[in-house]
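Please go through the model shown below.

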Amino acid sequence: MIISMKRGASREQIEHVRERIIAFGYKVHSIEGEERVVIGAVGVGDTTPAIEQLESTPGVESVVPISQPFKVVSRQMQPSKTVICINGTSIGGDTFTVMAGPCSVESEEQILSTARAVKAAGAQILRGGAFKPRTSPYDFQGLEEEGLKLLRKAKQETGLATISEVMADADVDLLNEYVDILQVGARNMQNFALLKRLGKLNKPIMLKRGLSSTLKELLLSAEYIASKGNTQIILCERGVRTFETYTRNTLDLAAVPALSELSHLPIVVDPSHGTGRRSLIPPMVRAAVAAGADGMMVEVHPNPELAFSDGAQSLTIETFTKMMKGLQPYLDLWKAERKLDAI
Ligand code: PEP
Ligand code: MN
């Protein structure tokens, strides 16, 4: 529920309301507003008695239940957008974030040359899988810790922040040591034990939409992380499985404005896994910018033909660089729109 205090409510009244919320067995989740204090309370069970009592508590103007099943990540709870700061860059603020790099970290030469090139083209975050969720157990599974060391080396040399996928609970500490953002892959979106564990970290998490998950399910998975205390969550639309076979998945760009209506969390679009085809990535990136995404994640490889995974959807360094140049007028419009939204 959301408790709006009266304008000019005293410190004691606000503190008393917080104490009452805790006494009801709920968690206090946010307090905001310059002139008016708004308190979020989240918990389980019937909220009717708490709402009735809090409505007649001194200093309280109104108490409204949060209508969505997800609470902490809902727009209702926090009207302003979440901005996540990482390594001098931000996601959800007034810059469109570019995450780029190979599907898998394969060698020092491969990751360093990609890192230098994507940085020069304007990326802020380097991606690279060290633990790979492959459909076949006989496919390349990733370099594991060796891959994470190479990502760290690339960060030290280029200054780029890094993101890599965590597949299992047992690997959380290892990933946390090496990278700036932990990615939860589509196949793990409903690995609730992993989500709960990530909720206790003080580290941004990028949560990818499951292969056949609804937006409500995605947001409830984000709620698993947020309800444990970690609200630094980035949502990622990476396409869902439909009857179409020409594209690897169907990139659901309506998810971008829809998620933005429902939640304050930043939203990133991944057209690489969303389409599976190199040629479709530049137009879908432009579409993601137009739809108001906070950033993109794309796969880039110095020699896609030789890639250990996802070569067909990886951009070459040249095509990535060209795409970034061509994106500038779209990014200028994106920025202008952000400014208008802020007014
Ligand atoms: C990836 O980003 O490398 C990946 C495996 O993506 P997804 O989980 O979306 O399939
Ligand atoms: Mn991939």
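Which domains does the domain assignment of the chain give? It gives domain 1 (2-64) and domain 2 (84-342), the bounds coming from an automatic or database domain assignment. Taken over C-alpha atoms, the centres of domain 1 and domain 2 are 37 Å apart.

This is a predicted model, in which local features need pLDDT of at least 70, side-chain atom pairs count only at pLDDT 80 or more, and totals for chains, interfaces and linings use all residues. Residues are numbered from 1 along each chain as its sequence is written, chains are lettered from A and ligands numbered from 1 in the order in which they are written, and side-chain values use heavy atoms, with hydrogens and water left out.

**Ligand 1**

The shell around ligand 1 includes Arg127, Glu165, Lys208, His273 and Glu299; a residue is near a molecule if one of its heavy atoms lies within 4 Å of it. By class, the shell residues divide into 2 nonpolar, 3 polar and 7 charged. Here Ala, Val, Leu, Ile, Met, Phe, Trp, Tyr, Cys and Pro count as nonpolar, Asp, Glu, Lys and Arg as charged, and the others, Gly among them, as polar.

| Residue | Distance to an oxygen atom of ligand 1 |
|---|---|
| Lys132 | 2.9 Å |
| Gln183 | 2.9 Å |
| Arg238 | 2.6 Å |

On its own, ligand 1 has 300 Å² of accessible area, and the protein covers 97% of it; areas come from the Shrake-Rupley method with a 1.4 Å probe.

**Manganese site**

Cys103 (SG), His273 (NE2), Glu299 (OE) and Asp310 (OD) coordinate the manganese ion (ligand 2) at 2.0 to 2.4 Å. Donors are N, O and S atoms within 2.8 Å of the metal (3.2 Å for Na, K and Ca), and sites may look incomplete because water is not among the atoms. Cys103, in the loop between strand E7 (97-101) and helix H3 (108-121), and His273, in helix H9 (residues 271-275), are 170 residues apart. Helices (H or I, at least four residues) and strands (E, at least two) are DSSP runs, numbered from the N terminus.

Cys103 is buried because its relative accessibility is 3%, the limit for buried being under 20%, with exposed over 50% and partly exposed in between (1.4 Å probe, protein chains only). His273 is also buried, at 9%.

**Positive phi**

Most residues other than glycine have a negative phi. Asp310, a manganese donor, has a positive phi of about 55 degrees. Asp310 sits in the loop between strand E14 (295-299) and helix H11 (317-342) and is buried at 18% relative accessibility. Glu144 has a positive phi near 55 degrees and lies in the loop between strand E8 (125-127) and helix H4 (145-158). Its relative accessible area of 41% makes Glu144 partly exposed.

How values were computed. Polar contact = N/O pair within 3.5 Å; in protein donor to acceptor, adjacent residues only side chain to side chain.
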